[in-house]
Amino acid sequence: MRDELSKFLQKKSGIQGRLQQLESAIIDEKNMGKGTQILTQNADEYNIRGILADMLNVPAQYSQILERVLDNKLNYLIIDTIDDALDAINEIPDDAGEVGFIILDELDEPENVPDWFSASENRLGKLVAEISQTENIRERPNSIAINPDGSIIRQSGEIRVFKGDSSPGALTIRNQIEQFQKELDSIENIITKRQTELEKSTAEYNHQNENISRLEKECSDLSSQLSQARNERAKLSARIEHFQQNYEGSEKLYNDLQSQIEERKQDILEWNEELNK
């Protein structure tokens, strides 16, 4: 059980290390400019809902597609009105770099949103409305067309292709983090269970050892008592043998005396007969 627990602890350590790498990677992937960092650190003051990437929730198999469709918009700030956006812009320094905003009030309720898309604000579905996956990438799309493996994206007037492996984006990394976190939670539950079982087994082992020690002491005490009893028995046997020898000597002496008495009686009878003549 200890070996099994050690393996789970090593696996947990490996996953924690991988999670740290992914968390660092997602920070690098966002690569927020100075202006975006300033505004996110003071989000409540500027009525900023958050960063787009943090407000989306899509299955792992679609995260890369969404990253390719939205591209750098994933780092845009979500804000309610144009006035809120302009107020925030006025507060950032001149060297703030590029800052992008998505204005929720200017997004209509979306239609034809892919089933796999989910966001904490429904209107964000407008960003991916009319996206369709199709084999016929030659046909001009109404909005955005993607081939089944997500390697070709076509919009009216443009087409983009992705060849070879590409670095995972923020959504992909976040899905990996969630997957690893679930695995980590599962392993921690197993470790907790195994530690409880080990503690129980250890307590039972210690209890059995205490019982064994107690029984060994009882056996030692019994062995000592038995040895004393044997010594007493030997002494008693010696006394019995000595008594037997004394008894036999006394019996012989008694028999000799009886014989002498009988002889004296016979002599007395003979003397009486002599006197009576």
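## Exercises on a predicted model

Of the contacts (heavy atoms within 4.5 Å) in the protein chain between residues at least 6 apart in sequence, 62% join residues at least 24 apart. This is a predicted model, where local features need pLDDT of at least 70, side-chain atom pairs count only at pLDDT 80 or more, and totals for chains, interfaces and linings use all residues. Numbering starts from 1 along each chain as its sequence is written, and side-chain values use heavy atoms, with hydrogens and water left out.

**Exercise 1.** Find which residues of helix α4 are buried, and what covers them.

*Solution.* 
- Start with the cut-off: buried means under 20% relative accessible area, exposed over 50%, partly exposed in between (1.4 Å probe, protein chains only).
- Go along α4, residues 60-70: Ser63, Ile65, Leu66, Glu67, Arg68, Val69 and Leu70 are buried.
- Now look at the cover, which includes α3 (52-55), β4 (131-133) and α6 (170-276).
- Helices (H or I, at least four residues) and strands (E, at least two) are DSSP runs, numbered from the N terminus.

**Exercise 2.** Work out whether Leu86 and Glu45 are buried, partly exposed or exposed.

*Solution.* 
- Locate Leu86 first: it sits in helix α5, residues 82-91.
- Its relative accessibility is 42%, so Leu86 counts as partly exposed.
- Next, Glu45 is in the loop between α2 (34-41) and β1 (48-51).
- Glu45 has a relative accessible area of 56%, so it is exposed.
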